[in-house]
Amino acid sequence: SPLPTPLFYVASRGHQADIGGITPGSMPPHSTTVEEEGILFDNFLLVKQGKFQEIQVREILSNHPYPARNPDQNIADFKAQIAANTRGVQELQKMVNQYGFETVQAYMKFVQDNAEESVRRAINLLKNGSFSYAMDNGAEIKVTVTIDKENRSAIIDFTGTSEQINSNFNAPKAVTQAAVLYVFRTLVDDNIPLNAGCLNPLEIIVPIGCMLNPTYPAAVVAGNVETSQTIVDALYGALGVMAGSQGTMNNFTFGNQRYQYYETICGGSGAGINFDGTDAVHTHMTNSRLTDPEVLETRYPVLVESFSLRPDSGGKGKYSGGDGVIRRIRFLEPMTANILSSHRLVPPFALNGGEPGKVGHNWIQRQNGTQENLNSTATVEMQPGDVFVIETPGGGGFGSLS
């Protein structure tokens, strides 16, 4: 008899501290192909007939031009993901046993139908709009939103966006779709779980070969973390509901063969139709918590010299944008440090006559007192006593002060 088709899928998403590539932490600022960003698993079976394929995984992690630096950690993380999925399967089976298959299936459909209806209601309140948002690297994201009032649906068209680029700011189509899904989910007032039903009322057009739908082997490591932010802000701009937020994750990685560390850093959020932006928050496409200073300093040879608000970095307006932060990390051992960031040249935009947010700055204060200013993306060698300083952007203001 033919194999039954799966009725449900469980999934877990994990972030690896290092998966190879040309810099520790696998977030190289200057990669030009996906191979330089680490190991690419292409349709690989991690568990075969109930057995974890450890030997094969280790082979892939090590047999690469830029191999993984800590395969034991990768293996542990993969096993944790498998355990999470296994737990998901157990819980799903428990639910089916308790309520019956038909009831569970029906509720899964209800959840998606309800999400679809919620998004259609939100779309009903929107107007057509378009927006172009330039990035520090000269690329531009263009989006046009066309609302169909009759069907309560929307077309989100990215035609006119820059072609895929030779840097790593290309965003895979899945990232582009996730950013659109996120924006429309935030426009819904109801308390709904994020799910595929939200996408039903949306037609998303992303031309093949543009930077939001690149072709292999494009480098993409900044697409997920930086370009996604630009997509979100451009959509809010097109809809006229919210000024630009800090628009970057301020990806900071450092390490050597022994240590690998990666953090994203908060900034100011944009002001909106009837609210001020917020100071020192992770905005939109980033939601990670920062490691406690005590933990960071115990596990890594660095000192958190200071971590403070950046006064007056938010744009003024009837409603003001939130302030960014200043983070200073002093190194106690030689290490390679990388910054992958945006809005160091282009300020977060304002709407309706407000003022834009202040751009961010990345710089090094060397042990001997000299200062080195860095671009939006940079790789530097840190020596004991050197301080890496990151000033994050503020959010844009909304509405004029008068």
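**Ground rules**

I note that this is a predicted model, in which local features need pLDDT of at least 70 and side-chain atom pairs count only at pLDDT 80 or more, while totals for chains, interfaces and linings use all residues. I number residues from 1 along each chain as its sequence is written, and side-chain values use heavy atoms, with hydrogens and water left out.

**Entry: salt bridges in helices**

I went on from Arg-120 to its partner. Arg-120 forms a salt bridge with Glu-116, and the closest N and O atoms are 3.0 Å apart. A salt bridge here is a side-chain nitrogen of Lys or Arg within 4 Å of a carboxyl oxygen of Asp or Glu. Glu-116 also counts as buried, at 18% relative accessibility. Both residues lie in helix α3, 4 residues apart, about one turn of the helix. Helices (H or I, at least four residues) and strands (E, at least two) are DSSP runs, numbered from the N terminus.

I then checked Glu-117 and Arg-121. Their side chains meet in a salt bridge of 3.7 Å, N to O. Glu-117 and Arg-121 are separated by about one helical turn, because they are 4 residues apart in helix α3. Glu-117 counts as partly exposed at 29% relative accessibility, and Arg-121 counts as partly exposed at 39%. Elsewhere, salt bridges that share partners join Glu-54, Arg-58, Asp-72 and Lys-79 into one network.

In helix α2 (residues 71–99) I found Lys-94 and Glu-91, 3 residues apart, about one turn of the helix. Their side chains meet in a salt bridge of 3.5 Å, N to O. Glu-91, at 33% relative accessibility, counts as partly exposed. I searched the whole structure and the count was 18 salt bridges.

**Entry: domains**

I looked up the division of the protein: domain 1 (7–99), domain 2 (126–240) and domain 3 (242–401). These bounds come from an automatic or database domain assignment. Separately, UniProt lists residues 6–400 for "domain: Hydantoinase B/oxoprolinase" in an unreviewed entry. UniProt positions are given in the numbering used here, feature names are shortened, and annotations may be inferred rather than shown by experiment. I computed that the end C-alpha atoms of residues 6–400 lie 55 Å apart, and that the span is 26% helix and 20% strand.

How many residues of domain 1 are in contact with domain 3? I found 10 residues of domain 1 in contact with 13 residues of domain 3, where contact means heavy atoms within 4.5 Å. The area buried between domain 1 and domain 3 is about 1,000 Å², and carbon and sulfur atoms give 62% of it. Buried area is the accessible area (1.4 Å probe) that two parts lose on being put together, summed over both. Pro-24, Met-27 and Pro-29 supply 54% of the area that domain 1 buries against domain 3, more than any other three residues. I looked for salt bridges across the interface of domain 1 and domain 3, and the rule finds 0. The centres of the two domains, taken over C-alpha atoms, are separated by 29 Å.

**Entry: nonpolar cores**

A nonpolar core is a set of buried Ala, Val, Leu, Ile, Met, Phe, Trp, Tyr and Cys residues joined through side-chain atoms within 4.5 Å. The largest one has 53 residues, and those with the most contacts inside it include Val-143, Phe-158 and Leu-212. Among the elements that give two or more residues to this core are α3 (101–123), β4 (140–148) and α4 (173–186). Its largest share, 10 residues, comes from α5. The core lies between domain 2 and domain 3, because both give residues to it. Apart from it lies another core of 23 residues, including Cys-266 and Leu-296.

I listed contacts of Leu-212, leaving aside its neighbours within four places in sequence; among them are Ile-141, Phe-158, Pro-172 and Ile-231.

**Entry: two single residues**

I placed Thr-286 in the loop between β8 (260–263) and α6 (293–299). Thr-286 is buried, with a relative accessible area of 7%. Not counting residues up to four places away in sequence, Thr-286 touches Gln-229, Met-249 and Thr-264.

I placed Ala-178 in helix α4. Ala-178 counts as partly exposed, at 38% relative accessibility.

Notes
Buried < 20%, exposed > 50% of the residue type's maximum accessible area, 1.4 Å probe, protein only.
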